[in-house]
Amino acid sequence: MKKRILIIGACGQIGTELTAQLRKNYEPHKVIASDIREGDAAMLEAGPFEILDATDYDAIEEVVARYEITDVYLMAAMLSATAEKFPMRAWNLNMDSLFNVLNLAKDKKIEKIFWPSSIAVFGPTTPKEQTPQFTIMEPSTVYGISKQTGERWCEYYHNRYGVDVRSIRYPGLISYTTLPGGGTTDYAVDIYHKALKHNKYVSFLNEESTLPMMFMDDAIRATIGIMEVPSEQVKIRNSYNLAAMSFNPKEVAASIQHHLPDFEIGYEPDFRQAIADSWPKSIDDSEARKDWGWRHEVDLTEMTKIMLDNLGTN
Ligand code: AKB
């Protein structure tokens, strides 16, 4: 099989599980993990690993040539909350890394790119309920601006240079393997850790902050799924809306209380509240369902059980 995959940002929340799943699906020595820091023992033992800075075009080009890479998953990014603290660093990382892989594909050095976008592309003027695929997009965060700009460039490189770039707008992602870093939806992972450890949690979003969310297994299936369908099925080349469930801190707390009746939640909203308030509450992902057969599998009740079962045994 000719396919050889490079994951840039393999040690992050999504990258860790994506790398593990790709190594299950394909021959592990043809799935090259890379990150700016060294991976853990499990990642290093399971297949090749390279230290790689996503903003360094020459370094990426060298790794691509050495391993004869065909497909790149670019997972390195600065997320919404951290990006508000370091706007220029976020812009540089999020945009330079994207241009690096788009230009490699334009010059026919790689064949296919996966690039993640986010619900952060939407803003306060976007319809909040069942946000459509095509709608008003006026993001008010640094991260959202970088993702929306990135989407425009993906579509441009596809139309102008025939670059096969595929993208989905991730909602908040929940997983038990690796912690998220620097997002507004991170509370939805932290709450499970704190529930098991302290039986209480103080949320940095208020109880009514309903946001679109997804269990990581579904997100990984979607990510690999959109990369595996024939190119003609990928009709949208900026980025696809993707949805599974929507909930707020009060609802996730109630689902935890079902297993841990004494669990308590408090609320101390901080600067992340304004970010959450600017994002949709729920997403219409019918285009992804129609074009490439996307279906989610895990809801809040099932996810809470999976999270508590797996974190509880650690
Ligand atoms: C964040 O909160 O910044 C991310 C996202 C929704 O893209 N999880």
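So, which strands form the open sheet here, and in what order? Keep in mind that this is a predicted model. The answer is three strands, ordered β6-β8-β12, and the pairing is parallel. Out at the edges sit β6, residues 117-118, and β12, residues 240-241, each of them pairing on one side only.

Let's zoom in on β8, which covers residues 168-170. Two bridges tie β8 to β12, and the two strands run parallel.

α8, residues 216-228, lies across β8 and β12. Relative to β8, helix α8 runs at about 170 degrees.

Okay, on to the helix pair. Two packed helices get described by the angle between their axes and the distance between those axes. For us the pair is α7, residues 187-198, and α9, residues 249-257: the angle is about 30 degrees, and the axes are 11 Å apart. Angles under 35 degrees count as roughly parallel, so that's what we call α7 relative to α9. The crossing of α7 past α9 is right-handed.

And who's actually touching? On the α7 side you've got Tyr187, Ile191, Tyr192 and Ala195. From α9 come Pro249, Val252, Ala253, Ser255 and Ile256. Sort the α7 and α9 contact residues by class and you get eight nonpolar, one polar and no charged.

Notes. Residues are numbered from 1 along each chain as its sequence is written. This is a predicted model: local features need pLDDT of at least 70, side-chain atom pairs count only at pLDDT 80 or more; totals for chains, interfaces and linings use all residues. Side-chain values use heavy atoms; hydrogens and water are left out. Axes are lines fitted to C-alpha atoms, for helices over the stretch in contact, and angles run from 0 to 180 degrees between N-to-C directions. Helices (H or I, at least four residues) and strands (E, at least two) are DSSP runs, numbered from the N terminus. Angles under 35 degrees count as roughly parallel, over 145 as roughly antiparallel, 65 to 115 as roughly perpendicular and the rest as oblique. A crossing is left-handed if the near helix is turned anticlockwise from the far one by less than a right angle, and right-handed if clockwise. Contact means heavy atoms within 4.5 Å. Ala, Val, Leu, Ile, Met, Phe, Trp, Tyr, Cys and Pro count as nonpolar, Asp, Glu, Lys and Arg as charged, and the others, Gly among them, as polar. Two strands pair if DSSP finds at least two bridges between them.
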